[in-house]
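Have the viewer open as you read.

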Amino acid sequence: MIPPEKHPISLSVNGKSYNVEVPSRRTLLDLLRDGLYLTGTKKVCDMGHCGACTVFRDGTPILSCLTLAAGCDGTEITTVEGLAGPDGSLSAIQQAFIDFDALQCGFCTPGQLMSATALLRDNPDPSDDEIKAGMAGNLCRCGAYQGILEAVRQAARHMQATAK
Amino acid sequence: MTRIIKTKVEIEGRTHEETVVIEEEEPSPWEEGRAFSIVGKSANRIDARERVTGSAHYTYDVTLPGLLHAAVLRSPHPHARISAMDTTKAAKLHGVRAILTHENAASIGWYSGVSKLFDTTVRFVGEEVAVVAADDLDTANDALALIEVKYELLPSILDMVEASKPGAPEIHPRGNVLKSDGRDGELYSRGDVQAGFKQADVIVEGTFKTSTQLHTSLETHGSVAAWEGDELTIWESTQYIFGVRDRVAQALDIPLSRVRVICEYMGGGFGSKGQTLKQPVICALLSRMTGRPVKLMLTRQEENTLSGNRGATIQKIKIGARKDGKLTAIDVEALYGVGAYGMWAGSVGGPAKELYKCSNVRTLVLGVRTNLGSHSAFRAPGYVEGTFGLESLIDDLCDKLGMDPVDFRKKNHAPDDQTSDQQYSSKHLLESYDRALELMGMDSKAELPGKGTLTANGQWKRGMGMASQTWGGGGGPPAHAIVRVNSDGTIEVITGIQDIGTGTRTALAQVAAEELGVPLESVRFRLGDTQKGLFGPASWGSITTPSVAPAVRMAAADARKQILEIASYFMELPANYLTLQDGFVSIEGRKEGRRPLKSIIEEIGDYMVTGKGYRGPNPLEQVKTWGAQIAEVEVNIETGQVRLIRIAAVHDVGRVINPKGLHSQFYGGILQGMGFGLTEERVVDTQAGHVLNAGLDNYHIPTVADTPEMLVAAIGKADTLANHVGAKGAGEPPIIPTAAAIANAIYNATGVRVYSLPVTPRRMLEAIRAHDASVQAESKN
């Protein structure tokens, strides 16, 4: 049996600082959801196959179900709750998801938004093939892919236009 | 004056009778061609913001003070008897608060009295043996490892063909084959198929197989239960809050008035969450034992093993036709895998009975039990499977007759329902064919390309194929709604339904806003709580919109009438001079003197305008949905890969309330149909009965990279007979013909017919080799 030793860690999530104690085997996903009550990030497979638990660690998209919380000491985590502005205004990608109906049940949506946000940040003018490749790790059972593709295309256009 | 009448309701191929209490008359139908301000125009989902910000709380997200977490110990054997169990070590583990087994759990009947909540006989790998509630999930799982169980193995059967043979070991007290009317299977017959085959100039036959498909809802099944005194609240990821309430109250033997079920947001169901599984009852018992709320969510492995599935089929089909193309006989005999406790089989014979004009039809569907997880309804159960078989063989028939598939279907069009004396309330199938051809860039009079004529690209061969569909979609009573007008003029529509991701919430809000005469933004739509809402039906069978939209419209009409009477009093004008539009009460035909709704409502203080509505009886006509899909595929004859490049989908689902939401249903249905046709199958270890691909890595649902070009359209003509809103259900029609269209396109591309789904590269290569071998054998003769 795994000894339940606890590790004290400090991390920032969406700009807020937290000091918590986590057992060795606690995943970042479980810390976010059950420890910090940030339930926007979803648990779908808990073994890295579906992308639903995608968050950013120091800006890099990671699968939080395969990341140990104890390994996140001193890091900055961004979740879906951190995408909107402090005044609650939605990001261009969030708004595009709404406008192009890129969601149905919405359970994969937080992960899709995180992947799309990272994609457009690193590649502001992606081709359709680049969008498909960049988002292929986020499964959607309802089949909202058509809307997701259109939303990412539109968000890219919008962000390019407003950047000028 | 209150009247009570009986009406027929058809859901998923089965018809039953409902009793309706009529107090007021329903509004007259919205006529076809009526000008609308809100209905018929695309609207963003009114709950989209919550979903894109992560603030929507699904059952998985529910947390309560003192929450305990439960984990389930499950049978590792496909058929066994528990001979001994010891939970002492597990109970001593720090953090464990309660353990339930057959030894201490209430004896609650399950699976129609054949088993119990915890039974000593287990009939599939994964069946519940014990459950532990602990301070956290890791501790609960650690405790499971400390529970000692001794099993006596019993003979098991995993293959449904073997299970259906006489003399097979019986794995269920009622036998391995489902019975109805005292015989094996469900038989339907009209006319005389033997005579029909004698009249035929051409006869085609084939055996078609489909695999077990897993719903793979991203949010797993699960519950949270909490007691407040003797009142129980359950949060459940479900398609049927009132169904869960009924089942839990019955299981615990407590009155309905003490059970509340909540589900405002849920992460997919596709049919698997229509029935109530054991979780809510288990959580309620553990919560009562510990005095703390208890949460039990299935893991991904559990979800993909035991929460339901689309049963596998083996369909033997025979079709006869005259040389002018007119059908003379259709015969379907099918096995349907229902798993260890299945009590019904999908209506595989449905398409054969309904899709084409044919006087001689016989269908026999045998549900077969095996020691595997039981099936459950999965988006158009039976019809997806049966459409693949029937439409593939029809395609073969067209080939032998030298007839274009669209022409053949038009020739065998059924203007009236052949299974009853009824006419159809509406049927725009003929237009669906024409429109689908147009979407593919062809003239509506065009014929599909001949076999092998589309441009090949090296190893990749292209082809086009089509299939058509029918399904229910009429819904029916009971359904209720309330429209409440607050003193600031804002509106709340209150129902007892759930939105499983289909966007019904938004469409119904549009109906309310339209009927009332207020902007959509001023309407809040309440659902998902049995305590706050009046009865709403399950979200299955494509029944939500046709059942609930009329109730919502009626409640809105009632509220509107009251508002205008109040306005009439304060504006000192007859009510019939007044109208409510865009949130303003105005004099009909005049712009001056209009007053915002708020200012009228403020005049009456705290009095609350409450409109009531309900779903009235069904019409005498049969309400059905119709459609056609044309697929274009590429097949690599060296690797066996099949790609769906382009697909046109046209469906007649009556009046369209929200085009954007409807198109999403079409896209989603096509993608699930594509998965069923090309990549999805449950794989079971045939020795020990374990599901080998219960994860998302090895059970292949489509990814965004697999998305084909999808050209979708709804016919959009209102069905004014179906109900006064004119809309039919739309959730299931789009999944039904996709796999069949793909299979027919594969034949068109390669000359090789596929008889077994999904068409994985391995199956495609096997089919190509078998075809080549038989062509060689024939040319030698």
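Predicted model: local features only at pLDDT ≥ 70, side-chain atom pairs only at ≥ 80, totals over all residues.

**Backbone spots to look at**

Most residues other than glycine have a negative phi, and most peptide bonds are trans. Two prolines and two other residues of chain B are worth a look against that background. The peptide bond from Pro477(B) to Pro478(B) is cis, and its omega is near 0 degrees. Another cis peptide bond links Leu757(B) to Pro758(B), with omega about -5 degrees. Pro758(B) sits in the loop between H17 and helix H18 (761–780) of chain B.

Turning to phi, Ala380(B) has a positive value near 65 degrees although it is not a glycine. The loop that holds Ala380(B) runs between strand S21 (361–368) and H10 of chain B. Asp582(B), also a residue other than glycine, has a positive phi near 55 degrees. Asp582(B) belongs to the loop between strand S26 (578–581) and strand S27 (584–587) of chain B.

Are these two residues buried or exposed, or something in between? Ala380(B) has 0% relative accessibility and so counts as buried, while Asp582(B), at 48%, counts as partly exposed.

| Residue | Relative accessible area | Class |
|---|---|---|
| Ala380(B) | 0% | buried |
| Asn748(B) | 8% | buried |
| His771(B) | 27% | partly exposed |
| Arg322(B) | 35% | partly exposed |
| Asp582(B) | 48% | partly exposed |

**Helix packing**

Two packed helices are described by the angle between their axes and the distance between the axes. In chain A, helix H2 (residues 92–99) and helix H5 (residues 145–163) pack at an angle of about 140 degrees, and their axes are 8 Å apart. Over 145 degrees would count as roughly antiparallel; H2(A) and H5(A) are therefore oblique to each other. Their crossing is right-handed. From H2(A), the contact draws on Ala92(A), Ile93(A), Ala96(A) and Phe97(A); H5(A) contributes Ile148(A), Ala151(A), Val152(A), Ala155(A), His158(A) and Met159(A). By class, the contact of H2(A) with H5(A) holds 9 nonpolar residues, 1 polar and no charged.

In chain B, helix H16 (residues 659–678) and helix H17 (residues 738–750) have axes that come within 7 Å and cross at roughly 55 degrees. H16(B) and H17(B) are therefore oblique to each other, and this crossing is right-handed. On the H16(B) side the contact is made by Gly669(B), Ile670(B), Gly673(B), Met674(B), Phe676(B), Gly677(B) and Leu678(B), and on the H17(B) side by Thr738(B), Ala739(B) and Ile742(B). Here the contact of H16(B) with H17(B) divides into 6 nonpolar, 4 polar and no charged residues.

**Nonpolar cores**

In soluble globular proteins, nonpolar side chains tend to be buried together. Which residues touch the most other members of the largest nonpolar core? Among its 117 residues, they are Phe97(A), Ile319(B), Leu327(B), Ile330(B), Leu397(B), Ile746(B) and Met764(B). Helix H10 (residues 383–401) of chain B supplies the largest share of this core, 9 residues. Apart from it lies another core, of 48 residues, including Ile38(B), Ile497(B), Ala555(B) and Ile587(B).

Leaving out residues up to four places away in sequence, Ile746(B) touches Val633(B), Val635(B), Val642(B), Gly751(B), Val752(B), Val754(B), Val759(B) and Met764(B).

Asn748(B) lies in helix H17 of chain B.

His771(B) is part of helix H18 of chain B, and its contacts are Gly751(B) and Val752(B). From C-alpha to C-alpha, His771(B) and Gly308(B) are 35 Å apart in space and 463 residues apart in sequence.

Arg322(B) is in the loop between strand S19 (313–321) and strand S20 (327–337) of chain B. Arg322(B) touches Gln199(B), Asp201(B), Thr328(B) and Leu401(B).

How values were computed. Residues numbered from 1 in each chain as written. Chains lettered and ligands numbered in written order. Heavy atoms only, no water. Axes fitted to C-alpha atoms, helices over the stretch in contact; angles between N-to-C directions. Helix = DSSP H or I, 4+ residues; strand = E, 2+ residues; numbered from the N terminus. Parallel < 35°, antiparallel > 145°, perpendicular 65-115°, else oblique. Left-handed = near helix turned anticlockwise from the far one by under 90°. Contact = heavy atoms within 4.5 Å. Nonpolar A, V, L, I, M, F, W, Y, C, P; charged D, E, K, R; others polar. Core = buried A, V, L, I, M, F, W, Y, C linked by side-chain atoms within 4.5 Å. Buried < 20%, exposed > 50% of the residue type's maximum accessible area, 1.4 Å probe, protein only.
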